[in-house]
Number of protein chains: 2
Amino acid sequence: MADIRSVTIEDVAVAASVSVATVSRALRGLDNVAHSTRQKVELAAAELGYVANPAAAKLAAGSSKTIVVAVSNIAGWFSAQVVGGVEAVLSEAGYDTQVMGVAGPEARRHFVASALQMHRRVDGLVMVDIRLEPDEVDALRDTDIRTVTIGNSYPGLSSVRPDDISAARLAVDHLLQLGHRRIGLIEGMPDDPMRTEVSWRRREGYEQALTRAGIVVDPDLLHTGNFSIEGGQDAMARLLALSKPPTAVFAISDEMAMGARGVAVEQGLRIPEDMSVVGFDDHPLAQTVALTTIRQDPTASGAHAARWIVEDLRNDACNLHTHEVDVELVVRRTTAPPC
Amino acid sequence: MADIRSVTIEDVAVAASVSVATVSRALRGLDNVAHSTRQKVELAAAELGYVANPAAAKLAAGSSKTIVVAVSNIAGWFSAQVVGGVEAVLSEAGYDTQVMGVAGPEARRHFVASALQMHRRVDGLVMVDIRLEPDEVDALRDTDIRTVTIGNSYPGLSSVRPDDISAARLAVDHLLQLGHRRIGLIEGMPDDPMRTEVSWRRREGYEQALTRAGIVVDPDLLHTGNFSIEGGQDAMARLLALSKPPTAVFAISDEMAMGARGVAVEQGLRIPEDMSVVGFDDHPLAQTVALTTIRQDPTASGAHAARWIVEDLRNDACNLHTHEVDVELVVRRTTAPPC
DNA sequence: CTGAAAGCGCTTACAG
DNA sequence: CTGAAAGCGCTTACAG
C-alpha cells in the first residue's frame, strides 16, 4: 500500500526538458510538434511509465472521454452483447465505457434528468431497450451528448435496431408456409413502459402476416412473456391449457422461446411434430436445442452505436444516424408442418 | 445542441449565499454543517439541478470514485452477472463502475501494467476470471487499489469464489451414486493462461471423487471444452466416438453442458437413459432443458466484491477478504442411473 | 460551523 | 514548433 505519488505530466516535462504543454501535445498526437521533440517526450513518458490522469484531462478539456451505456436489464444476454460491442470500439478509440443499470420508470426518469446535467461529463450515451417519454427525448436531443438508442427509435435521436415488423413477419411466414393456421404469440410485456416498442412492433408483424394469409387474429393466442424464461414458460402453459391450443408458437425472444419449448417437452409434446416453436435473437444456446429463430447481432449493434459516437465526437458533429440491423431466419429443428 | 454551461458549485454557492466550501460539505453529507445551512444548500442545488462534476471531484479529492471491473469474456453470461452485481452496489454507494475487456495474455499484461499507474484514478478493481502471474499479483498488492479477484484467488489478494474442488466432487459423487462408473469430464481450457485455475480445481475434484470411489481416472475420458458451447459440443462428439463411451458426463460449465447435451440428443441418444449430463453454474437457461447442475450465484459474488471495496474505501482500510461462495447440487432430469 | 485560498493534473488559447 | 499562464470545478487543510 505504498502511497507512491503518481507520475504526472510535470515529471515527464522535466525528464524531457520541455514544457508540460508540449508533453500534452506530443502525447496526444497533435501534429504541431517536432518529430524529434515527440520522440524525446515519448521516451521519457515510457521510461517513467506515465499515464495521463483522466480526471484531470477531462476537467481541463471539458470533454469527458467517457460514454455511458444505460441498460434496462444489465445482466441479460442482449445487453451484455451490446455492452461488449460498445466497449470494444470505445477502448480502441481511447474512451471509457461506463455501464448504468436503469431498471424501471422511476430509475429512468432520474437517469435522464441527471443525464441532462451531464453536459461535459459524459460525451455519449447509448440506451439499450429503454423506453423514453417524448419530453425526455426532446430534452436529450437538445443536449450535446451524442445519444443513440438501441432497440427503440425516437424522432431526432440516432438509433440502431432491426425492422422488427418485417422480422416478425419472417418468423410467422415461415410457420404459415409450413401449413400452420393456429399460431400462438408470446410477446414481451405490453404494459412495461420500459420495453414496449420492440414488443409492439413484433406483434404488429405477427398480425400482418396472419392477416395477409387471410387468418383472423385470435386474441386467445396472444400471451405475454415479459421477456423472461419464466414468462415464456407460463405463456406456453396457458397456451397449452386452451381448449384448442395452437400448433405452433412464435416467441419474440429466444429466452422466452426456450422456456416455452421446455414446458411443451415436459408436458409430453414432441417437438416439432406436436408443436413448432420459433424464437428471436439467435441466442448462442438456441442451437443447443436446435431452435428455429430470427438471428440478429447485438454486438454489432453496440459497435455500430459506439462508432457513430466516436466519429461525431471526432468531427465535432452531432449527426442523426439510423441503422437498420440485418436479420435472418435460421431454420433448425423446432419447426415442421403440423401433424 | 445548446451549449448551456453546466451549473457549477459556484452557482449553488451564490444562490444559497454561502461559500463553495460549504456547498461541497453540505452536499456530501459531511457532519460539520449546520442543519439550516444544509437545507438551504440542498434547496438551492435542487432548484438549479446541480450535479457535481465527477472529474473535478475526482481530481480534487485524489480519489476517483470509480472502480473498474476487468473481465476476460465481457459478453459471457457469468461476467454479465458479476458486472450486474457490482454495478448495483456501486451505484448505490455513489461509485462509477467501468468495464474493461481483457482478453488474452497480452491484453492482461498491458492492463495490469496500466492499473499500476492508476493510483488515484481507480479506487478499486475487480477481476473476473483473470489469471495473473505472480509478479502481477505482487505489484497489484503493493498498490492501494482495492483489488478483488473472482474465480481465481491469489496470496494477498481478496477473492470470492466457490470451493471448486468440493463443488466438482459434489457433481461427480451424484453420478457415482447413480451407479455410473465411466464418467467423462469436459474441462475448460488447461492451456489457456487466462482461465486455468477454475478448470484445474474442478478437474481435481473430479479426480478425487473417482479415486475415492476406487475408480482409476481414464485419460481418454478427459476433454477440453474451452468454456464454450462449441467446445462442449466437440468434446461430447469426441467422447461418443470412443470405442467405449462414458455413460455420464460432467461439464464444468452449463454452456458446455448444454452444447454436449445437444450433440448427444442429435446423435440419437436418450437423455438421461443413455447418457447423463451434469453442468456447473445453473445458468438460467439450464432449467429449460432440465439440466442437473451445480448452482452458484455470480451476481451475489459481484455484489460481495463491490461491498468489500466500498467498505474498505470508506474506512480507509485495505483488508484482505476471502469469501467462499455457496454452491448447491440441483438435480433435474438429465441424470439417472445408467441402463 | 464557515470561509478564503491553495491545489489536484491536465488542456488550451495566446504569444512568440 | 514551443512555452507561460490561465482555467477547468471541485476538495481540503488552515484559520477563525
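**View 1. The protein surface around DNA strand D.** DNA strand D has 26 residues around it, and the closest are Ala21(A), Ala34(A), Ile9(B), Ser24(B) and Ala60(B). Here a residue is near a molecule or strand if its C-beta atom, placed from the backbone, lies within 6 Å of it. The elements giving two or more residues to this surface are α2 (20–27) and α4 of chain A, together with α2 (20–28) and α4 (54–61) of chain B. Helices (H or I, at least four residues) and strands (E, at least two) are DSSP runs, numbered from the N terminus. Sorted by class, the surface near DNA strand D has 15 nonpolar, nine polar and two charged residues. For these classes, Ala, Val, Leu, Ile, Met, Phe, Trp, Tyr, Cys and Pro count as nonpolar, Asp, Glu, Lys and Arg as charged, and the others, Gly among them, as polar.

A word on the model: it is predicted, so to speak of local features needs pLDDT of at least 70, and side-chain atom pairs count only at pLDDT 80 or more, while totals for chains, interfaces and linings use all residues. Residues are numbered from 1 along each chain as its sequence is written, and chains are lettered from A and ligands numbered from 1 in the order in which they are written.

**View 2. The protein surface around DNA strand C.** Of the 25 residues around DNA strand C, those that come nearest are Ile9(A), Ala21(A), Ser24(A), Ala60(A) and Ala21(B). α2 and α4 of chain A, along with α2 and α4 of chain B, each supply at least two residues here. With five residues, α4(A) gives the most to the surface near DNA strand C. That surface divides into 15 nonpolar, eight polar and two charged residues.

**View 3. Where chain A touches chain B.** Each side brings its share to this contact: 48 residues from chain A and 48 residues from chain B. Two residues are in contact if their C-beta atoms, placed from the backbone, lie within 7 Å. On the chain A side, α4 (54–61), α5 (77–93), β2 (96–101) and α11 (254–266) give two or more residues. α5(A) gives the most, with seven residues. By class, the chain A side holds 21 nonpolar, 17 polar and 10 charged residues.

**View 4. α4(A) meets α4(B).** The axes of these two helices come within 8 Å and cross at roughly 130°. Axes are lines fitted to C-alpha atoms, for helices over the stretch in contact, and angles run from 0 to 180 degrees between N-to-C directions. Ala55(A), Ala56(A), Lys58(A) and Leu59(A) meet Ala55(B), Ala56(B), Lys58(B) and Leu59(B).

**View 5. The open sheet of chain B.** Six strands line up in the order β7-β6-β8-β9-β10-β12, with mixed pairing; two strands pair if DSSP finds at least two bridges between them. β7 (222–224) and β12 (328–330) of chain B stand at the edges with a single partner strand each, so one side of each is left without a neighbour in the sheet. From one strand to the next, the twist averages 20°. Strands β8(B) and β9(B) run parallel, joined by three bridges, and Val249(B) has Val277(B) as its bridge partner in β9(B).
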